Every structure is written in C-alpha cells, then in structure tokens.
Amino acid sequence: MRTKSGAIFLLTLHKGQLRCKNNRYLMAPLQQKAWASSSILANPRIKLLNTSDENARLVRVNFYKCYKRCQHQISLSRMDIPHKDAVQDILSKYKIPYDKGHATIIATCPNSCKLADTNEKCVYINKVTGSFVCKRCEKRGQWQQTKDWYSGKKGFVHEQKAIVNQTEDIVAEWENCNPFDECNDEIKTQLVNKYSIQGLQVDYIKKYKLRVKKLKLLSSNEEQYYLLCPWFDFSNVICGIKVLLPERTDVPSLETIPKTCTFGLFGYENMKKEDSEVALTANEFDAIAINQATGMPAVSLPNGNVHLPVDLVPLFEQFKRITIWLGNSVKDKRMELQFANKLKRERCYFLPSALKGEFPTATEALNQGLDLKKVINSAHAVAHNRIVSFNDLRQDVYNEFANREQICGVKWQRHPELTNILKGHRRGELTVFTGPTGSGKTTFISEMSIDLCHQGVNTLFGSFEIRNVRIMKTMLKQFSGINFENKDNLSDFDKYATQFEKLPMYFMHFYGAQDIKHVIQTMEHAAYIFDIEHIIVDNLQFLLNADASRDEFPFRQQNLALSKFRRFATEKNVHVTLVIHPRKENDDTDLQMASIGGSAKASQEADNVMILQNIKYKGKSIQVVKNRFDGDLGSYKILFSKENLCMGSQSNKYTAKALETSATGEDVSAQAAKKTPKKPTKSLQVKKLKLTGKA
C-alpha cells in the first residue's frame, strides 16, 4: 500500500498474520484487527499494489472486516481445482503410497508426522477439491498446497488449523461452564422442560459433555440458563462451542465460539477405531437419543441441515454405513440427498418417510417410547442417481399433495407480494430477471438474496460489473437497515458486520468478461463445498464475449449459455437467478417478454421470468410474466428507500435493527411516533393477471 507520505508497504498474509515486508513488522491477529480499522488502512488514498502474491489480495476488503468472505472470493475464483484422477496422478508421480477411500484418497504424510510409523496413511485428500488434512500433524491446505507439499517445494506453508488461533479462548470459555450432571435438580428440571428432552438420561448427556451457562442472548431480555455443546476434531481436541437454542430452526445458531468452525463434530470424541457405522443428525439431542437407544455412534453437524462442511468429510472415512436422519420436512429430505452425494451415496441410508412422518426427529420418537433400533434397521439405501422407479419417488409425489406449503419453497419476508405470485423460492429452478439499465436490478437482487439468506438459504452472489466491496456495502445497508455513511451510525458498524458475517453468503471473485466454463466450474465447486442453494449471475452479457473469436453468432452463444445454466440448475438442484439486459425500448414503454435479448431461448429455458419496470411518472414495479410452478402472473409496486437501499414493502420490519428491537421487547410503534409523521401511503395491491399476461 501507499501512505500519505508516499512510502510503499507490501502487505501479505503469512501463517494467518499480516506482514509488512518493507519495515519487517509482523502483526499478531489482535493487532491486525486494530490496525485494519485505523485511519491508515481506511484512508481512501491507500491502494493495493499489483503483485503476483495472491495472499496480498486479502487486504483489499479489510476495511469491511470481511476477512472470511475474502477467503471465499479467492477460493471461488483463483483456486486451482483438480481434474478427475488428478490427485492419484500426483501421488503416483512422486511414488507416494495411497489407498482409495469412499470420498478421499488416504496417503502417507511427507513429513512422516515425526509421531508415528512412516508407512502409516494419515493424510486425507478430498477427491473433488484436492484439499488435504493430516490427522496426526494437523497440517491442512487446498489443492495447490497439496501439490507443493508432496513435490517438496521450498517455502511450503500449510493452512493453520484455524484462521485465527482461538484455542485458548475456547478452552477458557469451556472451563467457565458447569457440567450438566453437576447442576442442582432445579436447574436440571428447568433445562429438561425448556429443551423438551425428558427422554434423555443424565449419563448420556454427561457422555456427550453438555455443559450449562447463564447467558443473555439477543433473542431474550434477561439472562437464562442454556446448554452448550462442544465440537471435537481428529485429535479429539475441542475446537468449538455452540449455544443450543430451544427452538428447532433451519437457521444455524449465531452463538458459537469461534464465529466460524468447520473442523469439528459434536459427538466425535466418542468414536472408536473399530466403529464401522454411524448415525448423522442435524440436532445434537437427536444424536444423544440415537446413541442412548441403540448404542450406535451418533454425531451432529455444526450447522444443522443447512451445510455439511467439506472439512468434515474425512471424519466419516472410517464408516461403511452412514444413516442420515435430519427430519421429515421437504428441505430435510433434499439435504439428506445432497449430503449423501458428498459422503458417497453407496454407503448412505435413509429412514422410511412413513416412520419419519409420525416421528420426524429421534428425540420425539424417544420421548414417545418408540423402538429406535427398529427404526434405524429399517433404513434403506439411496437409489441410483440415474435410475428411479415410482416406488423410489412415491413419497415425494405424496409430499407434492400433502405438503403444499413446503413444496412452494422459502417465502420472501420483505416482498410478500412476490410470494403471493411465485408462492416461494424453490431449488432446481432457473429465474430470468431483466430491467432497464440503471433501474436498480442489482439492488433488488441484492435485497432478495439477503431476504432468503437470512432464512438459511446458502447463497452465492456473482456480479461481473460491480466489485464485491460495493456489493457488500449495499447488502450491509439492506441487512441492517442503517446508513453507515452517516458518521453518527458508524459506531454500530462492528455490531451489524458481525451479524452479517454469520449469513451463509459467498461471493464469486470475477470482474468483467469471463469464460463461461470457468464460471460454471466455480459454481460446481461452491455447490459441493458450501452446499449452495441459490446462485445469482449478474449478468449474462459478460459471459458471451470472452471467447467471441470461436463463435461469431452472439445469439448462439447466449443459447448455449442458457442451456448450461438450465442443466446446472436441474442436475445440482440449485436455484439460478440470471440477470439479462433487455433490448433497447422507448422510455415510456413497458418491457415485455419479447424485450429480453434472445427471448425465445430465455423464455423457454426459464421457470420464472421477472421484469423490473421503470416508467417515468409511474414509478418502479416488479412484473412476473412467467411462472412455471402454478401459472400465476402479476405485478406489484416497489418502494425505494435511499437511506438503506431497501425496496420491499415489509423491508423495515425485517432489517437486523428492527428484529433486534422487536426481540428486546421495545415498542417499535412508539419509536416511530417520535419521528416526523409522513404522509400516509396507499396500501400495496398485487395486480393479478390471467395466464395470457393481459390485465
């Protein structure tokens, strides 16, 4: 970077620390945080110099405290993704002994770990991503580091076990908690009733090392007793703590230490080397219930049914049978199949839907006295991914009739009018979104993705015309409902930035024209690692001219691109929102389906087509001109707030600030009354259209 005085400092990342090479000053993690927020780094005159060191790019968005998000940018654009059999080719090239596992390649450690037999195979290399972890020396890294490690390249630096080493903080926090079995009877009874775990025995709660602590969370007005669970890694060392919430929800708990941890499992410390089967659940109490009733090892995912981190895949390598029991909702069943694909389908088993319909979770089944051993033994193998029969899909067909609300998908909270038309956001669909230049397409898509992401939808945002820092700035305003450009609000930045960082939101790090092959490859990579459910591509035009010399027909290029996105959405079961610029129309004319460039293919491949209308003197509106799910079409007015960039009629009720106010019990209406009264606005009405699209 360049300071006001003109001095040049090259910033790099070394072992999780920022290093200033020119003055040889090495900063500790805590010093980094203070230094990153100082006026020096926040000065707009400071620019990152061009350098071949990829790690130097991490400093670019430090001002927004989005350290973890920057890593996702690099991993989703510049990571060297291995081709098929690339891992085996590297190991064979350097004559490294290895075995083929279920989802990983198990090889010997180049360092011989200095702890065990030199011939022991203790390094697990993911077959898809090429990332590795050694269960003995605890080195880990991505595909490029795997190649550097085995090639003996000098200067190899492995990724640390955690980005910021917080082991001491975790242990200290854990020691301040009281074991459940040591609490008095009054506290035990209170917690048992609070979490509805009457069927769990104290000995098994002790076995899984649950502890108790009195906390005041954002969702409560006073301190209450909560149960805390530990996460353990390969070495059976505690690597994270999670506060268990009484309500079951698809949104993972925000109360964890550290903020993000992908290396540990709840219950893994109870595993033995000879265990060959395990039960996988989304809830910690379900894992305890299964182990108590059947004696089978059972573990729970840190993020519930939202995400199976790829770093946890090696922990399941020893098992020949994995019984997955997440729940009975439509999302639970879809995530069971997605997790099975990540862990390899041939060893994964599902419970019959008929049994899960009566007792969706293991805790409920145990409380009702059901024989869990019979339930687990009735699990069936996952069907072949290319061959199915009606018997395989019979329950899914039944769910289409019986669980209409769940089949409709995730409802938009900020845009209830859009929910009334499209019914919800569903996986596996392709949505085409268009609108005039400068009308606010990216701003609307940004808020829509925030709305869904806040409800637990793992989202990947890819903008090729606006840099990620600007996108994050817009999203943070929409998420919090606060304009941080006002210096009076800047003191709340850290508070809401920390909450925003918890959202399962990831960003593609592309800018300008790109080859669609690289973009599709990045999307596949993200879908595997982060269990992405929604991908935004803004916009299609940047993917058509990257290789124009090979194809002189832009419409043919667009048709091929649409076919690729359609195939990806269907095969990966991911909702893809594709922004396409319209043809030039008169400013006083509404856009139509035919206004979309290459409209024939776009309207054919898309499940939903949405248009942002922006007519002078009429205001802005969202019009749905195609809805393959049930055929309802319509339009509704949107209200743009320049203060927080929100557009939904209910946006002010679902910002982080508003939700926090309602959670603490403050009277929102009383606060609003103190403000200057505004002229009343007419209630928004959804304008229903016939299937022909006419009013």
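Strands E16 (residues 321-325) and E17 (residues 348-350) run parallel and are joined by 3 bridges. Keep in mind that this is a predicted model.

Zooming out, E16 and E17 belong to an open sheet of 5 strands with mixed pairing, in the order E15-E14-E16-E17-E18. The edge positions go to E15 (298-300) and E18 (380-381); each has a single partner strand, so one side of each has no neighbour in the sheet. Helix H9 (residues 284-294) packs on this sheet, where it touches E14 (277-281), E15 and E16. The direction of H9 makes about 180° with that of E15.

Now for the cysteines. Searching the whole structure turns up 0 disulfides.

| Residue | Relative accessible area | Class |
|---|---|---|
| Cys122 | 2% | buried |
| Cys348 | 0% | buried |

Next, a helix pair. How do H18 and H19 sit relative to each other? The axes of H18 (residues 468-480) and H19 (residues 493-501) come within 10 Å and cross at roughly 100°. That falls in the 65 to 115 degree range, so the two helices are roughly perpendicular. On the H18 side, the contact uses Met475, Leu476, Phe479 and Ser480, and these meet Phe493, Tyr496, Ala497, Gln499 and Phe500 in H19. Sorted by class, that contact has 7 nonpolar and 2 polar residues, with no charged ones.

Key
Residues are numbered from 1 along each chain as its sequence is written. This is a predicted model: local features need pLDDT of at least 70, side-chain atom pairs count only at pLDDT 80 or more; totals for chains, interfaces and linings use all residues. Side-chain values use heavy atoms; hydrogens and water are left out. Axes are lines fitted to C-alpha atoms, for helices over the stretch in contact, and angles run from 0 to 180 degrees between N-to-C directions. Helices (H or I, at least four residues) and strands (E, at least two) are DSSP runs, numbered from the N terminus. Angles under 35 degrees count as roughly parallel, over 145 as roughly antiparallel, 65 to 115 as roughly perpendicular and the rest as oblique. Contact means heavy atoms within 4.5 Å. Ala, Val, Leu, Ile, Met, Phe, Trp, Tyr, Cys and Pro count as nonpolar, Asp, Glu, Lys and Arg as charged, and the others, Gly among them, as polar. A disulfide is a pair of cysteine sulfur atoms within 2.5 Å. Buried means under 20% relative accessible area, exposed over 50%, partly exposed in between (1.4 Å probe, protein chains only). Two strands pair if DSSP finds at least two bridges between them.
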